[in-house]
Amino acid sequence: MLLCVESDILWKRLGVAFRLRDTLRRILAREREAGETAVADLEETRRQLHHVTARLRQLEEEREQMALGWAPPPSVVNAPAAAACPVCTDHYQAFVPGREARIMACGHSACGECLDSWNKQPARSNGPLHCPTCRFSSDVYTVEALPRNFALMQ
Ligand SMILES: [Zn+2]
Ligand SMILES: [Zn+2]
């Protein structure tokens with residue numbers, strides 16, 4: 001009888017131990033899964049960081065070249081924004097006052113600054129704006145009245 005009770009207790013303990021083992025296995029599996037996801041995330045972040053670092057290095061090189069006055073940065077040369085004013089030959093800049101491309105009635109463009117100084121010359125002052133390239137007269141009197149040519153400033 002005593003043996004029977006003892007073995008009963010033993011079986012119960014064994015049952016508890018097995019359940020405990022299963023629970024531990026489940027927890028371990030979950031932890032491993034979370035760990036793998038974290039590693040994948042880390043890998044992706046590392047890849048992105050690599051790209052950003054490479055781009056940063058490229059920009060740094062361009063900046064150094066510009067500082068040394070070697071050449072305009074490749075990103076400017078290769079971009080369609082390489083369009084330049086035919087008068088001053090500087091590149092147009094959409095957000096710098098006077099450096100923006102203005103298109104005239106003839107279809108030619110020039111930067112705001114050049115158009116302004118060109119049309120302020122004594123021979124042309126007080127008249128409508130003329131094109132420095134073909135002399136065609138646009139029917140306006142101020143540079144601000146000419147539309148911006150965004151096609152040349154992308
Ligand atoms: Zn110009
Ligand atoms: Zn023209």
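Visitor: Where is R135 placed?
Guide: R135 is placed in the segment after α3. Bear in mind that this is a predicted model.

Visitor: Buried or exposed, that R135?
Guide: R135 counts as exposed, because it has 9 C-beta neighbours inside 10 Å, and the cut-off for exposed is 12 or fewer.

Visitor: What about the phi of R135?
Guide: The phi of R135 is near 70°, a positive value in a residue other than glycine. As background, most residues other than glycine have a negative phi.

Visitor: And T89, what is its phi near?
Guide: For T89, phi is near 60°, again positive in a residue that is not glycine. T89 belongs to the loop between α2 (74-78) and β1. T89 has 9 C-beta neighbours inside 10 Å, so it counts as exposed.

Visitor: Let's step back. How many helices and strands does the protein chain have?
Guide: The protein chain has 3 helices and 2 strands. Read from the N terminus, the order is α-α-β-β-α.

Visitor: How much of the chain is buried?
Guide: The protein chain has 154 residues, and 13% of them count as buried.

Visitor: And the contacts, what share join residues at least 24 apart?
Guide: The share is 43%, taken among contacts between residues at least 6 apart in sequence.

Visitor: On to helix α3. Which residues are buried there?
Guide: Helix α3 covers residues 112-119, and the buried ones are G112, C114, L115 and N119. Looking down the axis of α3, these buried residues fall within an arc of 165°, so they line one face of the helix.

Visitor: What do the buried residues of α3 pack against?
Guide: They pack against two strands, β1 (101-103) and β2 (109-111).

Visitor: Which residues have the most contacts inside the largest nonpolar core?
Guide: Those are C85, Y92, A110, C111, C114 and L115, in a core of 13 residues. Two elements, β2 and α3, each give two or more residues to this core. In general, nonpolar side chains in soluble globular proteins tend to be buried together.

Visitor: Tell me about A110. Where is its place?
Guide: A110 is in strand β2. A110 has 25 other C-beta atoms within 10 Å, so it is buried; the cut-off for that is 20 or more.

Visitor: What is A110 in contact with, leaving aside neighbours within four places in sequence?
Guide: A110 is in contact with C85, P86, V87, R102, L115 and P132. Among these, C85 and L115 are also listed with the most contacts inside the largest nonpolar core.

Visitor: Why does D139 count as exposed?
Guide: D139 counts as exposed because it has 9 C-beta neighbours inside 10 Å.

Visitor: And what is D139 in contact with, leaving aside its neighbours within four places in sequence?
Guide: D139 is in contact with A105 and P128. From C-alpha to C-alpha, D139 and A105 are 7.7 Å apart in space, though they are 34 residues apart in sequence.

Key. Residues numbered from 1 in each chain as written. Chains lettered and ligands numbered in written order. Predicted model: local features only at pLDDT ≥ 70, side-chain atom pairs only at ≥ 80, totals over all residues. Helix = DSSP H or I, 4+ residues; strand = E, 2+ residues; numbered from the N terminus. Contact = placed C-beta atoms within 7 Å. Arc of directions from axis to C-beta. Core = buried A, V, L, I, M, F, W, Y, C linked by C-beta atoms within 7 Å.
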